[in-house]
Amino acid sequence: MAWVPPGQGGAYGAPQAGPSSYRHPGYPSGAPHMQPPGQQYQQYGQEHQQYGQYGQTPQQHYGQAQHQYGYHQHHNNNQQHQQHAMPPPPVPSSSSKTSLKVTGCSKETVSRIIRGTFTEIGENHSKPLYKKDGETTGQSVVQIYFWDDRDGPNFAGWWFGPKVGGDQVWAYNSNKTSPYPPETGWQVPWDGPEDPSLRLTWTPSSASSGPSNNNNSNNGYGAGNQGGHHNNAWSQPGSGGAYGSRAGPSSSNYNREDDRDREQRERERRRRQEEERKRQDEEREREREREREERRRRQQEEEERKKRREEEDRKREEARRERRRREAEEEETRRRESAAVSQVRKVIQQIRTVSTQDALNELQLQLEAAQAEQKEAMGSQAERVQQEGQRVTAEALARLEEQEKARQERERRLEQEREHVEGLREKIVAEAQEAESKAKDVKALVAETLKPGLSLEELADATAIVCEAVKSAKKSLEEIGLSMREKWVEMGESEASQSVTVQVRELVNEVGQSKRDMEKLREDTETRLQKATRKSKAEKTVSDRIEAFKKFDEDGDGLLSKEEVVSFAIREFDFELPALVSDKIMKSLAPIDLAKFRSLFQKVGIAKHEARARELREQLERQKKELEEKRIVITNLAQEATSLLKDAEVGVKRTEQDAQTLLDGISHRKSDETLDLAATLEKLSEASQAVLDQSAEKIKLLEEGNASAVPELQGFISKLIAGLQPLQSTLQDRTDKVTGHLATARQGAAKQAYRELDELSNTVATAIRSKLSEDGTSLDALIAQLVPEDSVDAEKFVDLVSGLKTVSVSKEQAKNVLEHIAGGSEKVVSKDRFVEYTRLYYKCVKGTPMSEESDIKSKSLRRLEVGEVCELLEGPIQEEEIGVQRVKCKAMLDGTCGWVTTAGNQGTVFLVPGGNLYTCVKELDMLSTSDKESATLVRKVEKGEVVQVLEFSSASMETKRIRGRAKLDGVEGWMTVMDQGELFLEQQ
């Protein structure tokens with residue numbers, strides 16, 4: 001029986017499950033299953049419809065699969081095996097790379113932006129440009145584009161971004177060689193790591209949704225035998241003949257009649273496919289014809305528009321040439337005038353810089369000639385240039401006169417300076433001669449006094465005489481040198497002093513050298529005396545040592561015996577030598593003569609020192625034992641204090657963290673929750689404070705013990721106290737800080753409660769205005785309903801607020817809002833107060849015109865500038881013609897009322913709700929009335945407080961004031977926004 005193994009690709013040839021699945025005995029275990037021929041024909045017929053959709057027969061499709069993925073046939077003596085490798089992802093042809101799909105991406109934010117289908121819209125830097133289909137959350141456009149290395153190699157590659165070459169990007173692929181966006185290897189963010197989950201998948205366009213037809217000899221199914229038979233006489237597609245035909249005589253299971261029927265059905269199926277293909281070709285041709293007709297129509301329209309533009313350009317060019325001609329004529333006139341004026345002004349400029357009277361006279365003649373020659377050419381500038389020449393000439397004449405006076409004065413001063421410098425030079429020379437004379441006198445005295453052969457006493461007397469003379473001479477030289485330098489400085493750096501500077505410097509240096517010679521002379525004299533003194537002392541030391549030895553050598557034999565050594569120790573050191581020590585000394589030094597007397601002196605001294613050291617060590621041991629016992633008692637006390645402080649630290653740390661968390665989260669939780677948490681933390685803080693009090697008592701006992709302790713323990717106790725007190729102090733400070741935090745939290749909770757009610761009140765006010773706008777009801781009608789007399793009807797207000805659809809408010813909350821609107825101790829809300837409450841303000845964020853009517857084309861009253869505040873009077877309404885919202889409002893700057901657009905139809909915002917909130921940037925006074933002279937102080941407004949505007953006063957250039965309510969506590973009053981350029985309140 002002949003079996004045909006299945007092919008690769010799609011459902012065609014897929015393994016069949018169930019009892020009809022077979023595997024050829026010689027087929028590799030990892031290869032796809034084979035099927036009986038009957039089942040293969042049945043499957044083949046089913047797949048015919050699938051491949052027919054793409055205009056191909058299964059044989060053509062299967063031939064392409066053979067061509068793309070390859071069949072590798074292996075031959076042996078008994079059988080032939082065919083193994084199919086798993087095909088790589090198909091690479092679309094250039095005709096099908098017009099659409100791709102982006103999936104994956106581990107970054108959720110980026111994933112929401114870039115996932116979807118992209119279509120080719122053009123090219124950038126010679127490679128395709130793709131744009132995402134449909135709208136994108138948060139972005140108007142998402143594109144995939146290629147950027148070459150014109151900005152450097154680090155920026156070359158494929159990019160995801162909203163704009164080609166823009167600053168904002170979402171992903172990057174460094175593959176610079178790929179002609180199309182790579183499927184993998186994308187970095188998210190662009191400078192981050194590679195995201196393997198981000199993948200691009202090509203989806204073929206409608207024109208090429210099926211596999212592309214490759215016109216080669218192997219496209220048809222069974223197009224040629226690739227060679228080889230195997231022993232079981234089965235073959236694969238493409239091994240010859242139609243699909244499933246027998247490969248040899250062993251195919252006896254099929255008779256020829258069945259084969260002819262199958263071939264007839266196959267020809268019929270192919271005929272129907274060909275008809276379907278022709279019909280589709282005709283349909284595509286009609287579609288192309290319609291497109292060509294549309295292009296011709298658009299081309300005609302474009303040519304007409306081009307003609308109109310050319311005509312308009314021609315008219316504009318004629319007007320531009322005419323304007324340029326007139327401008328050229330005017331420019332030529334100005335150029336001629338400028339040239340003439342320039343000729344005259346060249347002479348005037350020379351007069352400005354003239355330096356002699358003769359040159360000035362000659363230039364005056366040149367100026368008169370130039371003015372006469374160029375008078376007509378200068379035109380209207382002639383008179384002005386003539387006046388300029390007269391003025392410059394007068395100024396030059398005055399300047400020359402001043403210069404002559406200055407020259408004469410300079411020469412007079414120079415002569416005076418020469419005379420003064422010469423007098424100072426003569427004085428300096430005289431002083432230098434005096435200094436030289438004094439130095440010679442001292443040197444002569446030294447030569448006469450310090451003669452050779454003087455005794456120590458005579459040398460000391462002579463040295464004193466010389467030092468005194470040197471001291472006196474040195475003092476005189478210092479005075480002379482100082483006087484010479486003062487005169488040198490007095491000469492200054494004038495022209496007259498430069499000629500004598502070298503001589504004066506040499507004279508001053510000579511005096512300085514004489515001072516140094518005197519100092520050297522003194523040092524040499526004193527050194528000579530010191531050497532003589534040391535020599536005399538050495539001789540006396542030797543003599544004294546001989547006398548001392550003779551005193552202790554009682555028997556006069558020139559040697560000291562053991563008894564004489566003991567006597568020496570008692571009389572000289574007040575120390576009785578122990579027998580062992582004296583024997584040791586005698587053993588090491590005997591016989592003790594004069595030469596060993598100094599060694600004896602040293603050894604006796606060492607022995608005395610060692611005896612005293614032993615006594616001191618014993619005493620110290622006793623004291624150490626006593627101190628150790630006291631130290632144990634003190635250490636136990638300190639450990640108790642330390643243990644208490646550790647317990648306290650745990651409690652303080654817990655309350656400290658919770659208190660800080662409580663304080664930081666005041667604005668994020670309800671006021672009731674804050675108060676409950678504060679009460680719990682206060683109990684914990686009190687427990688920590690009790691433990692700190694106990695540790696403080698222990699530390700106090702240590703301090704009292706330190707006052708009466710011995711000096712050796714005072715340092716130890718002080719160290720323990722120094723280790724405990726900082727922690728005690730720190731924990732106490734932290735506990736106090738926690739207490740302060742809790743107090744601040746309670747205050748913040750009170751403020752938060754006020755803010756919560758204020759926010760609810762603002763929300764209700766906005767909801768009321770929205771309801772009025774939706775119902776088409778005016779604010780006056782609502783006031784007439786809620787305010788039957790002088791104050792708001794509480795019951796009607798509660799019903800109104802609790803019934804609002806845009807905000808959920810209970811009746812109890814509505815009552816609280818009414819009390820909040822009343823403010824302070826007031827129990828009712830007046831009509832004026834309610835009007836203030838329902839006011840809505842807008843702030844201008846981009847300049848826009850204010851119109852007289854709601855129609856945007858109506859007359860413009862004026863332009864609203866950025867930062868201006870407006871009060872809403874009516875609206876918003878929809879301007880149907882251009883699709884924008886309009887509101888009627890009143891400008892607070894000058895009271896102008898008109899209609900303004902809140903936002904353009906392209907998304908540009910002109911007005912935003914707000915403008916009635918200000919932040920205090922510098923402390924100011926809140927006053928009772930707008931008149932600063934008669935007003936009283938309500939309270940101070942601190943920096944950082946927020947104020948809600950209740951009334952805008954008319955503003956002047958210097959001062960701007962408002963009536964507002966402090967958001968902190970609801971207090972109302974008049975405040976200054978700006979005064980004489982100084983800002984107090986800044987608009988939010």
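Arg290 is partly exposed in this predicted model. Its relative accessible area is 45%. The side chain of Arg290 forms a salt bridge with Glu287, with the closest N and O atoms 2.2 Å apart. Glu287 is also partly exposed, at a relative accessible area of 34%. Both residues belong to helix H4, which spans residues 256-352. They are three residues apart, and therefore about one helical turn separates them.

Glu388 is located in helix H6 (residues 382-449). The bridge thus joins two helices, H4 and H6, and ties together parts that are 43 residues apart in sequence. Glu388 has a relative accessibility of 14%. This value falls under the 20% cut-off, so Glu388 counts as buried.

The axes of H4 and H6 come within 9 Å and cross at roughly 10 degrees. Angles under 35 degrees count as roughly parallel, and H4 and H6 are therefore roughly parallel to each other. On the H4 side, the contact is made by Val341, Val344, Arg345, Ile348, Ile351 and Arg352. On the H6 side, the contributing residues include Arg384, Val385, Glu388, Gly389 and Arg391. Val392, Thr393, Ala396 and Arg399 of H6 take part as well. By class, the residues of the H4 and H6 contact divide into seven nonpolar, two polar and six charged.

Asp894 lies in the loop between strand E14 (884-891) and strand E15 (897-903). Arg862 lies in strand E12 (residues 860-864). The pair therefore ties together parts that are 32 residues apart in sequence. Asp894 counts as partly exposed, with a relative accessibility of 45%.

Salt bridges also occur as a network. One such network links Glu285, Arg288, Glu289, Arg292, Glu293 and Arg296. For the model as a whole, the count comes to 64 salt bridges.

Terms used
Residues numbered from 1 in each chain as written. Predicted model: local features only at pLDDT ≥ 70, side-chain atom pairs only at ≥ 80, totals over all residues. Heavy atoms only, no water. Salt bridge = Lys/Arg side-chain N within 4 Å of Asp/Glu carboxyl O. Helix = DSSP H or I, 4+ residues; strand = E, 2+ residues; numbered from the N terminus. Buried < 20%, exposed > 50% of the residue type's maximum accessible area, 1.4 Å probe, protein only. Axes fitted to C-alpha atoms, helices over the stretch in contact; angles between N-to-C directions. Parallel < 35°, antiparallel > 145°, perpendicular 65-115°, else oblique. Contact = heavy atoms within 4.5 Å. Nonpolar A, V, L, I, M, F, W, Y, C, P; charged D, E, K, R; others polar.
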